[in-house]
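Subject: Handing over a structure

Dear colleague,

Please find below the structure that I am passing on to you, followed by some notes on what was found in it.

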Amino acid sequence: MRVKGGTVKHDHRKKVLKFTKGYFGSKHTLYRTANEARIKALAYSYTSRRLRKRDFRKLWITRINAACHANDISYSRFINGLKLAKIDLNRKMLSEIAISDPKAFTSLVDTAKKALAK
């Protein structure tokens, strides 16, 4: 007796086409192109989950740099000053402080400047 993969194959194809629903052109209607698009999409999403961390760090550094220049200090001197003053704040928190509380950020800059002067 031969084995026919009817329902299993059909279910798998439906699953792939459901995943690619909303894709442009034949990528959401034809199984083979839809499956290729799905494989690519999953690969891109895996990579992008790792790249997102880099992108956010870059954004935080840009924000801190802008706030530092508003307070007449470079980003690298500011970070070095914080390390010398033994202030351990990550870049995410520093950028949040720079945006939400500029006065507190200015006091951090002053502390960093004093630590650099010593």
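Helices here are DSSP runs of H or I with at least four residues, strands are DSSP runs of E with at least two, and both are numbered from the N terminus. This is a predicted model, in which local features need pLDDT of at least 70 and side-chain atom pairs count only at pLDDT 80 or more, while totals for chains, interfaces and linings use all residues. Residues are numbered from 1 along each chain as its sequence is written, and side-chain values use heavy atoms, with hydrogens and water left out.

The chain as a whole

On that basis the chain contains 5 helices and 0 strands, and reading along the sequence gives the pattern α-α-α-α-α. The C-alpha trace spans about 85 × 30 × 20 Å along its principal axes. The radius of gyration of the chain is 26 Å, whereas a compact globule of 118 residues would have one near 13 Å; the radius is taken over C-alpha atoms, and the globule rule is 2.2 Å times the number of residues to the power 0.38. Of the 118 residues, 21% count as buried, where buried means under 20% relative accessible area, exposed means over 50%, and partly exposed is in between (1.4 Å probe, protein chains only). Taking contact to mean heavy atoms within 4.5 Å, one finds that, among contacts between residues at least 6 apart in sequence, 45% join residues at least 24 apart.

Two helix pairs

Helix α1 (residues 6-19) packs with helix α2 (residues 31-70) at an angle of about 60 degrees, and their axes are 9 Å apart; axes are lines fitted to C-alpha atoms, for helices over the stretch in contact, and angles run from 0 to 180 degrees between N-to-C directions. That angle makes α1 oblique to α2, given that angles under 35 degrees count as roughly parallel, over 145 as roughly antiparallel, 65 to 115 as roughly perpendicular and the rest as oblique. From the α1 side, H12, R13, V16, L17 and F19 meet Y31, A34, N35, R38, A41 and L42 in α2. The residues of this contact of α1 with α2 divide into 7 nonpolar, 2 polar and 2 charged, with Ala, Val, Leu, Ile, Met, Phe, Trp, Tyr, Cys and Pro counted as nonpolar, Asp, Glu, Lys and Arg as charged, and the others, Gly among them, as polar.

Helix α4 (residues 91-100) and helix α5 (residues 102-117) have axes 5 Å apart and pack at an angle of about 125 degrees, and α4 and α5 are therefore oblique to each other. In this pair L94, I97, A98, I99 and S100 of α4 meet P102, A104, F105 and L108 of α5. The contact of α4 with α5 is made up of 8 nonpolar residues, 1 polar and no charged.

Residues in the loops

In the loop between α2 and α3 (75-84) lies N71, which is buried, with a relative accessible area of 16%. Apart from neighbours within four places in sequence, N71 is in contact with F105, T106, V109 and K113. D72 is also found in the loop between α2 and α3, but D72 counts as exposed at 67% relative accessibility.

Most residues other than glycine have a negative phi. D72, although not a glycine, has a positive phi of about 60 degrees. For K86, another residue other than glycine, phi is likewise positive and near 60 degrees; K86 sits in the loop between α3 and α4 and is exposed, with a relative accessible area of 74%.

F24 lies in the loop between α1 and α2 and counts as exposed at 76% relative accessibility. From C-alpha to C-alpha, F24 and L89 are 45 Å apart in space, and they are 65 residues apart in sequence.

Residues in helix α2

D55 is placed in helix α2 and, at 46% relative accessibility, counts as partly exposed. D55 and V16 are 39 residues apart in sequence and, C-alpha to C-alpha, 30 Å apart in space. L59 is found in helix α2 as well, and L59 counts as partly exposed at 35% relative accessibility. Between L59 and K27 there are 34 Å in space, C-alpha to C-alpha, with the two residues 32 apart in sequence.
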